[in-house]
Amino acid sequence: MKNFYVIEGEHTDPNQIKTILKETEKKYGPFEEKEADQFAKGLIQKNVDDFYHRAWVLKSDNLTK
């Protein structure tokens with residue numbers, strides 16, 4: 001079932017999803033879990049030089065919105 005989303009953006013603390021800067025936040029999906037993992041890995045590789053950029057895979061029932 002497609003119930004996973006990828007959230008990406010800039011963070012003030014890149015290890016904490018809650019510190020995402022709302023003006024940079026982008027949400028993609030829904031995906032199946034493997035698709036979401038692959039998509040997130042692509043975003044991470046694309047932005048590897050940006051320490052404050054992160055991409056997260058979340059299940060739809062864990063979305064903070």
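Reply: Buried means a relative accessible area under 20%, exposed means over 50%, and partly exposed lies in between (1.4 Å probe, protein chains only). This is a predicted model, in which local features need pLDDT of at least 70 and side-chain atom pairs count only at pLDDT 80 or more, while totals for chains, interfaces and linings use all residues. Residues are numbered from 1 along each chain as its sequence is written, and side-chain values use heavy atoms, leaving out hydrogens and water.

Glu 23 sits in the loop between S1 and S2, and it counts as exposed because its relative accessibility is 68%. The C-alpha atoms of Glu 23 and Glu 35 are 25 Å apart, with the two residues twelve apart in sequence. Glu 25 belongs to the loop between strand S1 (4-10) and strand S2 (26-31); strands are DSSP runs (E, at least two residues), numbered from the N terminus. At 17% relative accessible area, Glu 25 is buried. Its side chain makes a polar contact with that of Lys 22, at 3.3 Å (N or O atoms within 3.5 Å, one able to donate a hydrogen and the other to accept it within protein; residues adjacent in sequence count only if both atoms are side-chain atoms).

Now the rings. The charged end of Lys 27 sits over the ring of Tyr 5, 4.7 Å from its centre, and Arg 54 lies over the face of Phe 51, 5.4 Å from the ring centre; this requires NZ of Lys or CZ of Arg within 6 Å of the centre and within 35 degrees of the ring normal. Phe 51 itself is exposed, at 52% relative accessible area.

Conventions. Helices (H or I, at least four residues) and strands (E, at least two) are DSSP runs, numbered from the N terminus.
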